[in-house]
Amino acid sequence: MENKKSLFAQNEEEVLKFWEDKNIFQKTLDKKSPKGNFVFFEGPPTANGKPGIHHVLARSFKDIILRFRTMQGYHIERKAGWDTHGLPVELQVEKALGISGKPDIEKYGIEEFNQKCQESVWQYKTDWENLTRRIGFWLDLQNPYVTYHNDYIETLWWITKELNTKGLLYKGYKVVPQCPRCGTALSSHEVAQGYKSVEDTSIYVKFKLKNQANTYILSWTTTPWTLPGNVALAVGPTIDYAKVKFNNEFYILAKSLVEQVLGPGAEVVEEFKGEKMEGWEYEPLFPGALDPQGKKAWFVGHANFVSTVDGTGVVHTAVMYGEDDFNFGVEYNLPFVHTVDENGKFLPSVTKWAGQFVKKASVEKEIIEDLKSRNLFLEEEKHTHDYPFCWRCDSPLLYYAKDSWFIRVTSVQKELMANNAKINWVPDHIKEGRFGEWLANIKDWAISRQRYWGTPLPIWVCDNCQKVEVIGSLKELEERSGGLPKNKNGEVDVHRPFVDKLTFQCTCGGTMNRVSDVFDCWFDSGAMPFAQYHYPFENKEMIDKKIQYPADFISEAIDQTRGWFYTLLAVATLLGKEAPYKNVICLGHIRDKEGKKMSKSKGNVIDPWMIADKFGIDALRMHLFSINQPGEPKNFDEKDVEEVLRKVVMLLGNVMNFYEMYKVEEDKVELPKLNNVLDKWVMAKLNLLNKEVTEELESYHVFEASRKLIDFINELSTWYVRRSRERLKNEGEDKEACAKVLRFVLLSLVRLLAPFTPFVTERFWGRLQKQVESVHLADWPVLDEKLINWELLKEMEVARKIVELGLAARAEKGMKVRQPLKELQVANLVLKSELTSIIAEEINVKNVVAVKTLEGLNEGWVLKSEGSLSVALDVVLDDTLKAEGLLRELVRTVNQLRKEMSLTIKDKVVMILETEEKDLLEVVEKFKEQLMVQVLAKEINVGAVGDGGKEVEVEKMKLKIKFS
């Protein structure tokens with residue numbers, strides 16, 4: 001059966017087999033590491049979904065740095081990790097079981113549900129491992145950390161107790177972002193990942209003042225569902241308000257907004273400051289919707305959050321559904337009464353819409369119609385704004401006052417910002433921008449979730465005196481409760497529902513019961529530097545002696561600034577530790593070629609396996625490194641991968657093949673004496689490349705390093721190798737020196753390129769030498785700064801620019817490069833003879849002459865200029881030049897025929913030429929010796945070809961050629 005994979009893909013799979021057969025990855029871990037440890041943390045993925053092209057991006061950026069540092073002489077533990085808890089797993093299981101929501105889960109059974117979650121976690125584990133292996137990301141998949149393991153969870157419990165001891169853990173009644181679908185609160189960094197621009201209905205509502213006929217306070221809201229929960233109105237004490245007459249009614253609103261809200265027909269009858277309005281009472285908007293429980297309600301208060309940017313300058317306040325509202329309620333001792341349950345449905349007290357979802361369009365419409373029927377509605381309009389959605393299930397969030405367990409992150413804000421100041425961010429603007437601004441506005445971390453599959457909070461509360469006790473280890477739990485939680489197989493399992501069953505006696509005589517909540521799963525991943533080693537119960541030295549802490553390097557996508565990057569820093573800082581990572585590459589997201597977000601519904605998702613089979617992983621990796629700066633979004637087009645394949649893998653392959661045609665057999669990697677200017681130039685370029693690539697990678701600038709490598713490969717092929725072809729075809733010291741220099745360059749280049757393209761470099765390395773088993777076991781090339789001849793680099797750059805201008809002059813007149821010309825003049829520039837000879841050969845002129853000025857030249861010259869450079873090319877042909885041009889065309893034709901007949905440089909032939917063209921015969925006779933050398937013929941005869949000859953044309957002149 002035909003293999004549909006490209007040759008490049010097949011070659012890479014051979015390399016994979018070589019790595020496995022020879023255990024190369026393990027050998028990189030075992031080899032000497034004179035520079036000590038380089039610490040890397042793997043951000044744990046969840047294996048309940050298939051990996052995509054964006055995972056190739058992140059894993060390639062991780063792998064390149066780790067390969068580079070290994071070659072530099074560091075030892076790197078590459079411990080894999082799996083993020084296994086949380087809502088994404090639960091939602092997938094709900095879908096598989098055909099159930100929805102917490103009541104269905106509890107009916108199904110928490111134990112059975114969590115068992116399904118644990119199984120679901122590993123659904124795509126093999127896919128992840130296979131893709132990780134295929135893209136060349138070396139990771140210790142045999143000994144990963146797993147967030148649901150008891151040891152991992154025990155570390156989280158220890159952290160929680162430490163934070164409680166420091167007074168950083170508390171239970172608060174706060175407004176939190178609540179997902180009505182998932183039935184749980186989200187943390188602020190989770191909310192930050194789910195905003196969308198939406199168009200909502202906003203309405204102007206009339207609140208009837210008591211004891212004033214036909215008089216209403218106007219308020220504006222974008223959340224009509226909160227109106228049944230209204231208990232007060234807020235105004236700004238220093239804002240100017242007006243009472244206006246409009247349509248035979250009186251309205252009160254901010255003076256500056258009167259015309260905007262009511263138009264030019266409103267008549268101002270009274271003006272006053274907001275401070276005058278405090279205590280004004282109004283009639284409840286929805287009588288009976290809530291019981292004020294003996295507290296004063298439905299009056300006006302002062303608040304500094306009121307503005308006149310939009311609305312009416314009056315804020316409707318439902319204290320249970322907004323942070324500002326809640327704080328306002330605390331200040332005025334308002335009744336804290338819900339009209340909506342945790343699933344986003346109206347409570348029975350809101351009789352007209354009891355049990356209905358508050359964000360349902362029909363409910364919103366009915367609320368408006370109800371207000372209209374009671375003359376409490378002024379108008380509605382569409383309002384576009386950013387609104388938060390659940391990043392897991394995509395439901396709109398509700399800001400909802402409820403009990404939640406919090407970590408007091410705000411108390412260590414200064415320490416967080418100080419730790420961030422020590423981190424090297426790539427791109428660097430993230431440090432003070434996206435991440436720095438996030439830290440500047442952090443809120444306390446709501447860590448509890450009213451869910452099932454997660455790390456249980458180790459918090460027990462007394463049913464009598466409400467005393468709180470935090471358990472910090474399994475040993476402590478066993479001592480307090482007399483046992484450990486075990487599943488039906490008799491194994492210790494600290495998950496729900498087993499841990500929920502353990503109780504113990506309080507000092508007051510009451511019973512201590514565990515709170516039913518589980519942790520925000522971001523706490524799991526944020527604690528991984530410690531939990532992956534079961535710290536502090538084991539491996540204390542790993543952290544305390546800084547053997548595996550902090551990380552020298554981590555990398556993930558830009559959304560992790562409010563996810564893993566943040567929680568890593570938060571947990572470490574809360575524990576009083578230094579920043580948990582020193583360097584971070586923050587990656588932009590991959591979009592389709594038109595810049596649109598990839599999604600299955602749009603059909604624009606890229607299958608990484610398809611790209612690997614078509615172009616190979618090396619081309620994909622190098623494309624991802626070199627497309628743009630890491631933090632920028634990447635529009636993915638497979639044509640760009642194909643272009644990188646040509647520019648890197650194939651072009652370097654051509655250089656390798658050319659080298660092997662003329663190589664000098666030797667084992668030593670020694671550089672010969674550099675006499676030829678091209679050898680001096682390429683060694684200057686190579687060492688400059690070594691210096692720059694090393695510096696860029698040490699600064700985590702992968703894009704810059706990749707571009708320099710691509711440019712060097714191009715220059716190596718199109719300048720050094722092309723200019724050295726004739727040198728290598730000849731025999732003698734110069735040929736040998738050129739071959740040795742090219743081998744030295746390739747051995748160094750392959751090592752510099754190895755972290756970027758690990759597969760093809762492995763193949764080339766094996767073809768270049770046999771002493772070191774794998775390029776990834778080789779040392780990083782040694783830099784020789786003495787060979788960076790800056791003067792020569794500058795001079796060669798000028799020479800190449802002169803060549804470019806000369807060739808442009810030829811092209812203007814339609815002169816083939818094979819046609820020799822008489823002279824090129826260069827104005828006001830001193831050129832070394834060894835460079836003028838290169839220029840002459842490249843442009844194919846007899847002489848290159850430096851002159852003071854190009855003035856006074858006749859019509860036979862073509863002038864070209866760029867910047868300070870000016871050249872003139874003599875394009876007039878005499879008979880001698882025409883004959884030499886014809887010779888070159890003949891050489892090209894003969895060598896093309898050799899190539900078609902699969903002849904190699906080792907095949908010296910007897911060539912017979914038959915033609916009646918006088919000009920061709922004269923050229924063959926005049927340049928016979930030269931022609932023999934250039935077409936690798938040991939003899940050339942002119943006469944009848946006979947059978948087997950090939951008829952060709954040279955400059956429209958016919959001839960027959962036969963080889964024997």
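Reader: What counts as a helix or a strand here?
Author: DSSP runs, numbered from the N terminus: helices are H or I, at least four residues, and strands are E, at least two. This is a predicted model: local features need pLDDT of at least 70, side-chain atom pairs 80 or more, and totals for chains, interfaces and linings use all residues. Residues are numbered from 1 along each chain as its sequence is written, and side-chain values use heavy atoms, without hydrogens or water.

Reader: Sheets, then. What is the strand order in the open sheet of four?
Author: The order is β28-β27-β30-β29. Pairing (at least two DSSP bridges between two strands) is mixed in this sheet.

Reader: Why does one side of β28 and of β29 lack a neighbour?
Author: Both stand at the edges, so each has a single partner strand. β28 covers 845–851, and β29 covers 861–866.

Reader: And β27 with β30, parallel or antiparallel?
Author: Antiparallel, joined by three bridges. β27 spans residues 821–827 and β30 spans 869–874.

Reader: Which residue in β30 is the bridge partner of Gln-825?
Author: Ala-872.

Reader: OK, the three-stranded sheet. What order, and what pairing?
Author: β15-β24-β23, an open sheet with parallel pairing. β15 (424–426) and β23 (554–557) are its edge strands, each pairing on one side only.

Reader: How many bridges link β23 and β24?
Author: Four, in the parallel sense, with β24 at residues 583–587. Ala-557 faces Leu-587 in β24.

Reader: Switching topic. How many cavities of 30 Å³ or more?
Author: Four. A cavity is a set of points, on a 1 Å grid over the protein atoms alone, where a 1.4 Å probe fits but cannot get out; lining residues have an atom within 4 Å of a point. Volume is the space filled by probe spheres set on points joined across faces, edges and corners. The largest cavity has about 110 Å³.

Note on methods: 1 Å grid on protein atoms, 1.4 Å probe; cavity = no way out; pocket = protein on both sides within 12 Å on 5 of 7 lines; lining within 4 Å.
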